[in-house]
Amino acid sequence: MTERKPPGVPFESWVDHQILAAQRRGEFDRLPGTGEPLPAGLDSEYDELWWVKRKMAREGLAVLPPSLALRKEAEDALAAAYAAPSERIVRKIITEVNVKIRDMMFKPPPGPPLGKKPYDVEEVVREWHRRRAAEATGGAAGPEA
């Protein structure tokens, strides 16, 4: 928009005129979100970090206290171990996450308690073997981890 407001024309009238002219030209017809409901939360209090939160949600990021992040990492590691292609990789995954769990157990960070203890590597390996055997025979793998 390069047109300037003419002298003597109230600002509101000039802006309204510009909007109506753009509507007639169809400049608002294909904007993202056209025809969709307004996003939730518009009636809530102003949050200075709204843009940070929206970007994190859009990119699937989360910031958790260290103990909760490790709890999630431990659960993901166990699932990865059960899906691993070899026993060597199962042992490596579980051993690495156990080091982190033990470290946090002895040096608790601020935030909620971890609520995890190191996994029994041999038990995880036995369950991994059982699940692989069940997959090979087409049977159910039993309860999920």
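In this tour, contact (or touching) means heavy atoms within 4.5 Å. This is a predicted model, where local features need pLDDT of at least 70 and side-chain atom pairs count only at pLDDT 80 or more, while totals for chains, interfaces and linings use all residues. Residues are numbered from 1 along each chain as its sequence is written, and side-chain values use heavy atoms, with hydrogens and water left out.

**Stop 1: Ile94**

Select Ile94. Which residues does Ile94 touch, not counting those up to four places away in sequence? They are Ala77, Leu78, Ala81, Tyr119, Val121 and Val124.

**Stop 2: the core**

Now widen the selection. Ile94 belongs to the largest nonpolar core, which has 19 residues. Such a core is a set of buried Ala, Val, Leu, Ile, Met, Phe, Trp, Tyr and Cys residues joined through side-chain atoms within 4.5 Å. Buried means under 20% relative accessible area, exposed means over 50%, and partly exposed is in between (1.4 Å probe, protein chains only). The members that touch the most others are Val90, Ile94, Ile101, Tyr119 and Val124. Helices α3 (66-82), α4 (87-106) and α5 (121-137) each give this core at least two residues. Helices here are DSSP runs (H or I, at least four residues), and strands are too (E, at least two), numbered from the N terminus.

**Stop 3: α3 against α4**

Show these two helices. Their axes come within 9 Å and cross at roughly 165 degrees; that makes α3 roughly antiparallel to α4. Axes are lines fitted to C-alpha atoms, for helices over the stretch in contact, and angles run from 0 to 180 degrees between N-to-C directions. Under 35 degrees counts as roughly parallel, over 145 as roughly antiparallel, 65 to 115 as roughly perpendicular, and the rest as oblique. To see the contact, pick Pro66, Ser67, Leu70, Glu73, Ala74, Ala77, Leu78, Ala80 and Ala81 on α3, then Val90, Ile93, Ile94, Val97, Lys100, Ile101 and Met104 on α4. Colour them by class and you get 13 nonpolar, 1 polar and 2 charged residues. Ala, Val, Leu, Ile, Met, Phe, Trp, Tyr, Cys and Pro count as nonpolar, Asp, Glu, Lys and Arg as charged, and the others, Gly among them, as polar.

Stay on α4 and click Val97. Buried or exposed? Val97 counts as buried, at 3% relative accessibility. Leaving out residues up to four places away in sequence, Val97 touches Glu73, Ala74, Ala77 and Tyr119.

**Stop 4: bring in α5**

α4 and α5 pack at an angle of about 145 degrees, their axes 10 Å apart. On the α4 side, the contact is made by Glu87, Val90, Arg91, Ile94, Thr95 and Asn98, and on the α5 side by Val121, Glu122, Val124, Val125, Trp128 and His129. That contact has 6 nonpolar, 3 polar and 3 charged residues.

Next, compare α3 with α5. They pack at about 45 degrees with axes 9 Å apart, and that makes α3 oblique to α5. Leu78, Ala81 and Tyr82 of α3 meet Val124, Glu127, Trp128 and Arg131 of α5.

**Stop 5: Glu3**

Last, jump to Glu3, in the segment before α1 (11-25). Glu3 is partly exposed, with a relative accessible area of 44%. Beyond its neighbours within four places in sequence, Glu3 is in contact with Trp14 and Gln18. Draw a C-alpha to C-alpha line from Glu3 to Gln18: they are 9.2 Å apart in space and 15 residues apart in sequence.
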